[in-house]
Amino acid sequence: MTAPLNLALLYGSTREGRFCDTVADWLRTLIDQRRDYTVDAIDPVLLDLPHRHGGAPSADLVNLQQRIWRADAFVLVVPEYNHGYPAALKFVIDSVQAHWQAKPVAFVAYGGMSGGTRAVEQLRQVFSGLHAVPVRNAVHFPQAWDRFDATGQPRDGEDSRRAATRMLDQLAWYGYALRQARAAWPYPGG
Ligand SMILES: Cc1cc2nc3c(=O)[nH]c(=O)nc-3n(C[C@H](O)[C@H](O)[C@H](O)COP(=O)(O)O)c2cc1C
């Protein structure tokens, strides 16, 4: 039997009182019901990362790089900040470099009116630049704080679950295909 994909679930917000946990917890529950993924939740709040690039890497930075290297696929839970995505997330992405390459990335985004669409479109460019493969489908929650009930479930019944399932199916397709391809034929990065 094919081993499950190692899926890194990356938290995109480090803000005090962030909504990110509500969205990430919901997504995590969905992923845990599947057989095609094992999850490594990467929360930058819990990492002691340097404030500047370069210099001696902290133990947590080395650990982060190893976790990204071990991952077969990524899903980002990301809010929109000022028509983009949070700076803290960019710092994490830039701290890792080559280990993203030839791996698929999916997005669950949230925010105000836009539901994080602008954040995601910018991230697609960033990850393309890193030789990663952004997955077509994404999940968006406009006015996110109104979209979840007190138990952390989306109020839209099955719609969000269906959208996330489709996205995770696509992510798995790329995840398995690219894992096989990386093993057979080293990716010509650079
Ligand atoms: C600094 C900042 C800028 C924001 N800019 C936008 C924006 O441009 N578009 C949008 O839809 N929501 C925007 N919002 C709303 C956030 O997406 C929303 O508050 C979300 O819950 C933030 O995620 P977090 O609580 O996990 O940090 C902004 C929020 C903050 C704190």
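The model is predicted, so local features need pLDDT of at least 70 and side-chain atom pairs count only at pLDDT 80 or more, while totals for chains, interfaces and linings use all residues. Residues are numbered from 1 along each chain as its sequence is written, and side-chain values use heavy atoms, with hydrogens and water left out.

**Stop 1: the ligand**

Next, display the ligand's oxygen atoms. One oxygen atom is 2.7 Å from an N or O atom in the side chain of Ser 13. The backbone also takes part: an N or O atom of Glu 80 lies 2.8 Å from a ligand oxygen, and a backbone N or O atom of His 83 lies 2.8 Å from an oxygen atom of the ligand. Taken alone, the ligand exposes 610 Å², of which the protein buries 76%; accessible areas come from the Shrake-Rupley method with a 1.4 Å probe, and for residues only the protein chains shown count as cover.

**Stop 2: Ser 13**

Select Ser 13 next. Where does Ser 13 lie? Ser 13 is in the loop between β1 (5–11) and α1 (20–32); helices (H or I, at least four residues) and strands (E, at least two) are DSSP runs, numbered from the N terminus. Ser 13 is buried, because its relative accessible area is 2% and buried means under 20%, exposed over 50% and partly exposed in between (1.4 Å probe, protein chains only). The side chain of Ser 13 makes a polar contact of 3.4 Å with the side chain of Tyr 81. Such a contact is a pair of N or O atoms within 3.5 Å; within protein, one must be able to donate a hydrogen and the other to accept it, and residues adjacent in sequence count only if both atoms are side-chain atoms. A polar atom of the Ser 13 side chain also lies 3.1 Å from the backbone nitrogen of Arg 15.

**Stop 3: Asp 43**

Move to Asp 43, in the loop between β2 (37–42) and α2 (59–70). Asp 43 is buried, with a relative accessible area of 11%. Display Arg 18 as well: a polar contact of 2.6 Å joins the side chains of Asp 43 and Arg 18.

**Stop 4: two positive phi angles**

Select Ala 102, in the loop between α3 (87–96) and β4 (104–110). The phi of Ala 102 is near 60 degrees, a positive value in a residue other than glycine. Ala 102 counts as buried, at 6% relative accessibility. Then select His 131, in the loop between α4 (117–129) and β5 (133–134). The phi of His 131 is near 65 degrees, again positive in a residue other than glycine. Is His 131 buried or partly exposed? At 25% relative accessibility, His 131 counts as partly exposed.

**Stop 5: Ala 163**

Finish at Ala 163, in helix α6 (residues 159–184). Ala 163 is partly exposed, with a relative accessible area of 30%. Select Trp 100 too: the C-alpha atoms of Ala 163 and Trp 100 are separated by 24 Å, and the two residues are 63 residues apart along the chain.
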